[in-house]
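Dear colleague,

Please find the structure below, together with its sequence. My notes on what was found in it follow directly after.

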Amino acid sequence: MSGYNVTDPNLPINNNNPCKDIHECLDSESVCGPNSHCYNYNGSFSCFCWGGYNVSDGNKAISKGNPCTDVDECVEISDVCGPNSVCNNTVGNYNCWCMSGYNVTDPNLPINSNNTCKDINECLFSPSVCGPDSNCTNEIGSYNCSCLNGFTATNSSLPISINNTCRDVNECVEISDICGPNSICNNTVGSYNCWCMSGYNVTDT
Ligand SMILES: [Ca+2]
Ligand SMILES: [Ca+2]
Ligand SMILES: [Ca+2]
């Protein structure tokens with residue numbers, strides 16, 4: 001019968017020389033092809049793909065000519081990593097990462113559509129994230145730093161951060177004629193004061 005071979009092909013088949021199961025899986029690679037398990041049983045055998053692999057042509061049996069190949073989970077499983085994530089296919093598996101500005105909800109579990117990447121509230125670390133004399137505003141996937149009134153970024157061409165903190169504006173120097181004529185300007189941290197020079201009074205008290 002199919003799936004069986006006579007014990008000794010040089011002798012007639014009978015009780016002393018019976019048909020025995022062919023162990024097809026002894027040469028599993030040539031029977032099922034790569035990335036597969038082969039299961040032998042009496043009279044036949046079955047091939048199964050390893051996890052992370054699928055048969056190339058699902059309409060045909062797994063074989064060396066129709067082998068198990070890597071599943072591109074990033075393409076074939078919709079939303080496999082969930083929102084705000086990056087998916088990277090690997091041979092036999094795949095990896096998920098959160099996009100910059102996002103963290104996985106439960107870091108002890110893999111990133112997926114049930115354990116998604118969520119916005120980091122960077123301002124919870126404030127004032128360290130924006131430095132002193134600043135306001136921190138959380139944004140989805142990001143955050144924004146601004147200086148308190150009377151303060152400005154040390155380097156105005158760079159974003160405000162712990163590495164580019166807010167400094168006092170010296171209004172007496174940086175804002176021309178802020179107190180008007182015949183006056184004395186006194187800078188303070190976060191503000192400034194104006195005084196009339198000796199012999200002058202302010203126009204409208
Ligand atoms: Ca894969
Ligand atoms: Ca954020
Ligand atoms: Ca000031």
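In the hairpin of strands S11 and S12, two residues lie between the strands, and Gly141 takes a positive phi near 85°. Strand S11 covers residues 134–139 and runs antiparallel to S12, to which six bridges join it. Within S12, Cys147 is the bridge partner of Ser134. Strands here are DSSP runs of E of at least two residues and helices are runs of H or I of at least four, numbered from the N terminus; two strands pair if DSSP finds at least two bridges between them.

A residue is called buried if 20 or more other C-beta atoms lie within 10 Å of its own, exposed if 12 or fewer do, and partly exposed in between, with C-beta atoms placed from the backbone.

Please note that this is a predicted model, in which local features need pLDDT of at least 70 and side-chain atom pairs count only at pLDDT 80 or more, while totals for chains, interfaces and linings use all residues. Residues are numbered from 1 along each chain as its sequence is written, and chains are lettered from A and ligands numbered from 1 in the order in which they are written. The mean pLDDT (the predictor's confidence in each residue, from 0 to 100) is 92, and 99% of residues reach 70 or more. Confidence is lowest in strand S2 (residues 19–21), with a mean of 78, and highest in strand S14 (residues 166–168), at 98.

A second hairpin is formed by S7 and S8, with two residues between the strands and a positive phi near 85° at Gly92. Six bridges join S7 (residues 85–90) to S8 (residues 93–98), and the two run antiparallel. Ser85 has Cys98 as its bridge partner in S8.

As for the whole protein, the secondary structure comes to three helices and 16 strands. The C-alpha trace spans about 135 × 25 × 25 Å along its principal axes. The radius of gyration, taken over C-alpha atoms, is 38 Å, whereas a compact globule of 205 residues would have one near 17 Å; the globule rule is 2.2 Å times the number of residues to the power 0.38. Buried residues make up 14% of the 205.

With kind regards
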